[in-house]
Amino acid sequence: MAAAESYPDDLKYHEEHDWARVEGEEAVLGITWFAGDALGELVHFEPPEVGSSVTRGQSYGEVESVKAVSDVVAPLSGEVLEVNQAVVDAPETVNEDPYGTGWLIRIRLSDPNEPGALLDADAYRQLLADQ
Amino acid sequence: MPETLLHTPLHDRHVELGARMVPFAGWEMPVQYAGVIEEHRAVRTDAGVFDVSHMGELEVEGPRAHEFLQSTLSNDLDRLAPGEAQYTLLTNEDGGIVDDLIVYRVGEHSYLLVVNAANRPVDYAWLKDREIAGSDVRDVSDDCALLAVQGPRAIERLGLAPAAAFTFAETSLDGIEVMVNRTGYTGEDGCELLCMSEDAVRLWDAVLERGAVPCGLGARDTLRLEVCYPLHGNDIGPDTDAISAGLGWACALDKEFEGVDVLRRVRAEGPERRLVAFVMEEKAIPRQGMPIAGGGEVTSGSHSPTLEVGIGMGYVPTAQAEPGTELTIDVRGRPRGARIVKKPIYRRED
């Protein structure tokens, strides 16, 4: 079952429909409910390699539904510490629980100032409303 | 300038049902309602209904209609009695496929051709150019609506008696005059219901009332790909011949029709490349246009909701076209392994 639309207040958002949960020097990244709904049920996640680096605003992987392929844009820069194997094995997890078990990767932040530039939940909701 | 998209008589129904509407062959069509995978499964396990009113309907009538079509279409019309239908090709002088279509023999001197939406004007012009005295071609697409009701329970849900594939009958369904065609594009049992445009909404409502799940073009594509039905414009076209595409069975090479000489030669010499079906051995979803190592490219690719793996079709050199052969697909720069399988990729259990 796809989750109901939501944008948790404790997350930071990037305008390319990605979220970040900053935890000290690390962050967990994923795609928003909006992105998952727009694509439809996900059937493939092409993850980055652990140890590779991701750059804010650039693609670090791909998600695919039956009909579409989409780049996943990094909301923050850093080194990939972990890939969520549960999503690689069952990509529909992203539609079912986009902010919980449907996270995509964990990174070590390369710039502690970057999270400050991200949108809060209210600003992201406003961005969606303006589209 | 934005193109003005055509609407089928069911457009408002699709919007009311919350369908995601997309442009397709000049029409605004539902690509999905609840979701492609859910709709796909409904057709494989129960019954789904597709609005395919964008497809074209051409009538060919007259004392010489048979003679005219026999020289224009690839399959043998002599094998078709009134009440029967046949998959056939409109071919060009190079043996290329102008369109693939179903021809219905409505009467001794009367035929109905159901053609791909994108090719309707091309087909009509093609036939008009070649028309002979005593054979009249008319485009009746705007008068018709077409609903495909497909799935193992489709016939039962519609309250119809079983009938042989590729036959048809005129009847009424919940008081609506329909032509019930035992044809489809999903590999499942079912039918296609042709009605007058003004009856389309009533027929659609009646079919939904009987429990068929509304399905969009997304599921239509994954369903047809699993059973390896070619899609004109992807897998076949004016530059591909029927023999290489594996459609030789729909070509009567012992009769005369446009391009038959080329097709006879390709058959005799063997095609240089063949349209094969493949299943991914590594995690990846093949897509149209991806190169296949060693020559060739993917002509159709998707995730298979039934097999839960990437599947596709594509042309490869004949030397590497045998089932079991390993292929490498270039997935946006990443080489991913696949294996050629015997067509169809999926076959329903009878």
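Which residues have the most contacts inside the largest nonpolar core? They are B:Val103, B:Leu113, B:Leu147, B:Val149, B:Leu193 and B:Leu203, in a core of 125 residues. I will come back to one of them, but let me say first what we are looking at.

This is a predicted model. The predictor gives the complex an ipTM of 0.91 and a pTM of 0.96. For chain B, the average pLDDT is 97, and 99% of the residues score at least 70.

Now chain B as a whole. DSSP gives chain B eight helices and 18 strands. With a radius of gyration of 20 Å, close to the 20 Å that the globule rule gives for 350 residues, chain B is as compact as a globular protein of that length. Along the principal axes, its C-alpha atoms fill a box of roughly 55 × 50 × 50 Å. Buried residues make up 49% of the 350 in chain B. As for contacts between residues at least 6 apart in sequence, 67% of those in chain B join residues at least 24 apart.

Once neighbours within four places in sequence are set aside, B:Leu193 is in contact with B:Leu147, B:Val149, B:Leu173, B:Val178, B:Val180 and B:Leu203.

Next, strand pairing in chain B. Take strand β4 of chain B, residues 56-61. Six bridges join β4(B) to β7(B), residues 110-115, and the two run antiparallel. Four bridges join β4(B) to β8(B), residues 136-139, again antiparallel. B:Glu61 takes part in both pairings: its bridge partner in β7(B) is B:Ser110, and in β8(B) it stands opposite B:Asp136.

On to chain A. Here six strands form an open sheet, in the order β1-β2-β3-β9-β8-β5, with antiparallel pairing. The edge strands of that sheet are β1 (12-14) and β5 (53-54) of chain A, each pairing on one side only. Within the sheet, β3(A), residues 26-31, is joined to β9(A), residues 105-109, by four bridges. A:Leu29 stands opposite A:Ile105 in β9(A).

Last, where the chains meet. How many residues does each chain give to the contact? Chain B gives 11 residues and chain A gives seven residues. On the side of chain B that touches chain A, the elements giving two or more residues are β2 (27-32), α2 (36-45), α7 (217-226) and β15 (297-304) of chain B. By type, the residues on that side of chain B are four nonpolar, six polar and one charged.

Notes. Residues numbered from 1 in each chain as written. Chains lettered and ligands numbered in written order. Predicted model: local features only at pLDDT ≥ 70, side-chain atom pairs only at ≥ 80, totals over all residues. pLDDT = per-residue confidence, 0-100. Pairing = 2+ DSSP bridges. Core = buried A, V, L, I, M, F, W, Y, C linked by C-beta atoms within 7 Å. Buried ≥ 20, exposed ≤ 12 C-beta atoms within 10 Å, placed from the backbone. Contact = placed C-beta atoms within 7 Å. Nonpolar A, V, L, I, M, F, W, Y, C, P; charged D, E, K, R; others polar. Rg over C-alpha atoms; globule rule 2.2 N^0.38 Å.
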